[in-house]
Amino acid sequence: MTTIDARGYAHPEVLVSTEWVADHLQDPAVRIVESNEDPLLYPSGHIPGAVEVDWTADLNDPVRRDYLNRQGFEALASRIGITPETTVVFYGDKSNWWATYAFWVFQLFGHTRARIMDGGRLKWEREGRPLTREKPVYPPTTYRAPERDDSLFRAFRDQVLEHVRAHGQLVDVRSPAEFTGERLHMEGYPNEGALRGGHIPGARNIPWSRAANAEDGTFKPADALRAIYLEEQGLDPARPTIAYCRIGERSSHTWFVLRYLLGFNDVRNYDGSWTEWGNLVGVPIEK
Amino acid sequence: MAEYPDRLRQLLEDFRWMTDREERAEYLIELADRLQPVPEHIATRPYPPEAHVDYCESDAYVWAEDREDGTLQFYFAVENPQGLSARAMAAILDETLSGQPLEQVACVPDDIVLDIFGRNIAMGKGQGLMGIVARVRAAAQQRLVARQVPQNRE
């Protein structure tokens with residue numbers, strides 16, 4: 001695997017290597033954050049000094065379907081001992097799918113000193129690097145965050161509807177079976193939390209995992225990504241783009257790829273995604 | 001809960017009182033470590049697609065073997081090394097449903113996943129784990145149906 005700098009990304013600075021992380025374990029200006037789908041992974045062993053940010057417990061509003069507000073983010077930042085100057089490095093399972101989700105939520109609060117550890121947990125483990133079950137405790141910090149700004153990176157249903165009417169660029173990152181609506185009707189399988197199956201009209205189906213190398217969870221180089229998103233699927237990096245999946249987690253991975261690795265100017269994540277769209281009355285659906 | 005197999009009922013009772021997220025995780029990790037490898041007489045790698053659990057991204061496989069007492073012995077494999085929750089779920093199902101009355105195993109609901117993992121489990125992961133439960137339940141249901149058919153013809 002070539003080094004991150006040699007892969008031709010638009011913003012290579014948002015990625016760090018496992019080696020970089022290993023060299024910065026004691027760096028007080030760096031906080032390593034693990035975010036996983038599987039809640040048992042962090043307690044079973046994590047990078048020494050890493051804290052856990054759990055998407056259910058930490059990033060979502062406990063009552064409304066929404067992300068945490070400014071006060072919630074400030075409390076989270078305080079708990080993990082960061083300030084706006086701290087470089088936060090996210091990593092996790094599933095080719096960093098949940099790490100990019102946490103990264104995305106941090107961007108809603110303008111925490112731009114954020115990085116993803118390329119390859120995530122899988123690569124760290126495969127390289128035989130140390131894991132510990134010891135949970136670090138950092139002195140609480142005071143973090144003054146701005147109000148959450150959804151305008152740049154987050155899309156809401158009415159905006160998506162306008163986008164559809166204007167024939168805007170949409171990426172559906174779910175599996176082909178979810179895209180066609182076939183999976184909703186599969187016997188013996190709980191439905192996807194939506195009454196209708198299919199996809200938002202005009203969306204291209206590019207499953208999120210195509211951007212990652214399955215064997216070590218790293219991102220594919222820019223050439224390979226361009227071959228998929230631009231050449232094969234015809235996406236234009238200059239046009240406004242909205243990515244979605246089922247609840248906005250997988251699409252934050254694609255959001256990261258399009259925005260930072262391929263340099264799309266305007267990409268938003270529609271976190272309402274199919275669990276909202278597939279339940280809305282009267283919106284257009286394509287099969 | 002009266003209709004659950006005894007061992008499962010006891011285990012769910014344990015989890016019911018476990019409100020601390022870390023305590024629950026520690027217990028589940030301990031259970032995951034107890035998962036036994038699949039014996040060679042049941043299956044060897046590469047495992048057959050028929051045994052694969054649909055949509056479980058942890059790459060889980062389930063087998064059922066008839067025991068002399070008429071019940072089933074379940075075996076599991078979880079091929080994703082990071083599929084720790086799937087391993088815990090498999091170990092729990094083996095320890096609580098193998099050798100239990102088929103009528104009870106055939107009625108175990110998917111909801112036990114939420115009773116065991118609580119709301120810490122992501123929706124996608126929860127569905128994958130429910131897929132493992134569904135496989136075990138289906139095996140018990142199939143055996144029951146197969147046994148009923150000749151009786152009905154008499």
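This is a predicted model: local features need pLDDT of at least 70, side-chain atom pairs count only at pLDDT 80 or more; totals for chains, interfaces and linings use all residues.

Me: Start with chain A. What is the strand order in the open sheet?

Reply: The order is β1-β5-β4-β2-β3 in chain A, five strands in total. The pairing is parallel.

Me: Which strands stand at the edges?

Reply: β1 (15-16) and β3 (51-52) of chain A. Each has a single partner strand, so one side of each has no neighbour in the sheet.

Me: How many bridges link β2 and β3 in chain A?

Reply: Two, in the parallel sense. β2 of chain A covers residues 30-34. Val33(A) has Val51(A) in β3(A) as its bridge partner.

Me: Switching to cysteines. How many disulfides are there?

Reply: Zero, over all chains.

Me: What about Cys245(A), buried or exposed?

Reply: Buried. Cys245(A) has a relative accessible area of 0%.

Me: And Cys107(B), buried or exposed?

Reply: Exposed. The value for Cys107(B) is 54%, and the cut-off for exposed is over 50%.

Me: Now chain B. At what angle do the axes of α2 and α3 cross?

Reply: Roughly 70 degrees, for α2 (residues 21-33) and α3 (residues 84-97) of chain B. Their axes come within 7 Å. That angle makes α2(B) roughly perpendicular to α3(B).

Me: Which residues make the contact?

Reply: From α2(B), Leu28(B), Ile29(B), Leu31(B) and Ala32(B). The α3(B) side includes Leu84(B), Arg87(B), Ile92(B) and Glu95(B).

Conventions. Residues are numbered from 1 along each chain as its sequence is written. Chains are lettered from A and ligands numbered from 1 in the order in which they are written. Side-chain values use heavy atoms; hydrogens and water are left out. Two strands pair if DSSP finds at least two bridges between them. Helices (H or I, at least four residues) and strands (E, at least two) are DSSP runs, numbered from the N terminus. A disulfide is a pair of cysteine sulfur atoms within 2.5 Å. Buried means under 20% relative accessible area, exposed over 50%, partly exposed in between (1.4 Å probe, protein chains only). Axes are lines fitted to C-alpha atoms, for helices over the stretch in contact, and angles run from 0 to 180 degrees between N-to-C directions. Angles under 35 degrees count as roughly parallel, over 145 as roughly antiparallel, 65 to 115 as roughly perpendicular and the rest as oblique. Contact means heavy atoms within 4.5 Å.
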